[in-house]
Amino acid sequence: FTLTFHNMENDKYSVSVKNILGQVIYEKTISVNGNHRMNIDLSEFRAGVYFLTVSNPDGEQTQKIIVR
């Protein structure tokens, strides 16, 4: 899937994906200023529910994603 950032402040962001057990299966830190797009390939993982978290020093946001 593609993760898109719009009008973001110049900052470093941590992007992680966890499985239903809370184990981190993907993690990357990126620098974003303005708009940014990144692809995350989860095709090697089993179908199921995962949690995407994007965070920076000001806070974090988590979103549920479903891999089919």
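Residues are termed buried under 20% relative accessible area, exposed over 50% and partly exposed in between, with a 1.4 Å probe and protein chains only. By this criterion, Phe-5 and Tyr-13 are both buried. The model is predicted: local features need pLDDT of at least 70, side-chain atom pairs count only at pLDDT 80 or more, and totals for chains, interfaces and linings use all residues. Residues are numbered from 1 along each chain as its sequence is written, and side-chain values use heavy atoms, with hydrogens and water left out.

Strands are DSSP runs of E with at least two residues, numbered from the N terminus. Two strands pair if DSSP finds at least two bridges between them. On these terms, 4 strands form an open sheet in the order β2-β1-β3-β4, and the pairing is antiparallel. β2 and β4 are the edge strands, each pairing on one side only. Neighbouring strands are turned by 25° against each other on average, direction ignored. For this value, axes are lines fitted to C-alpha atoms, and angles run from 0 to 180 degrees between N-to-C directions.

The β1 and β2 pairing is antiparallel and spans 13 bridges. Within it, Asp-11 has Val-32 of β2 as its bridge partner. Val-17 stands opposite Tyr-26 of β2. The hairpin of β1 and β2 has 4 residues between the strands, and Gly-22 takes a positive phi near 90° there.

β1 also pairs with β3, again in the antiparallel sense, over 6 bridges. The bridge partner of Val-15 in β3 is Val-54. β3 and β4 run antiparallel and are joined by 9 bridges. Phe-51 stands opposite Lys-64 of β4. The hairpin formed by β3 and β4 has 2 residues between the strands.

A nonpolar core is a set of buried Ala, Val, Leu, Ile, Met, Phe, Trp, Tyr and Cys residues joined through side-chain atoms within 4.5 Å. The largest such core has 16 residues; Leu-3, Phe-5, Val-15, Met-38 and Ile-40 have the most contacts inside it. At least two core residues come from each of β1 (2–19), β2 (24–39), β3 (48–56) and β4 (59–67). β1 supplies the largest share, 5 residues. In soluble globular proteins, nonpolar side chains tend to be buried together.

Contacts are heavy atoms within 4.5 Å. Leaving aside neighbours within four places in sequence, Leu-3 is in contact with Val-15, His-36, Arg-37, Met-38, Ile-40, Leu-52 and Val-54. Val-15 lies in strand β1. Val-15 counts as buried because its relative accessibility is 0%. The C-alpha atoms of Val-15 and Leu-42 are separated by 14 Å, with the two residues 27 apart along the chain.

Ser-55 is placed in strand β3. Ser-55 counts as buried because its relative accessibility is 18%. Not counting residues up to four places away in sequence, Ser-55 touches Lys-12, Tyr-13, Ser-14 and Glu-60.

Rings of Phe, Tyr and Trp (its six-membered ring) pair if their centres lie within 6.5 Å; planes under 30 degrees apart count as stacked, over 60 as edge-to-face and the rest as tilted. This rule gives 1 aromatic pair. Phe-5 and Tyr-13 form this tilted pair, at 5.8 Å centre to centre and 45° between the planes.
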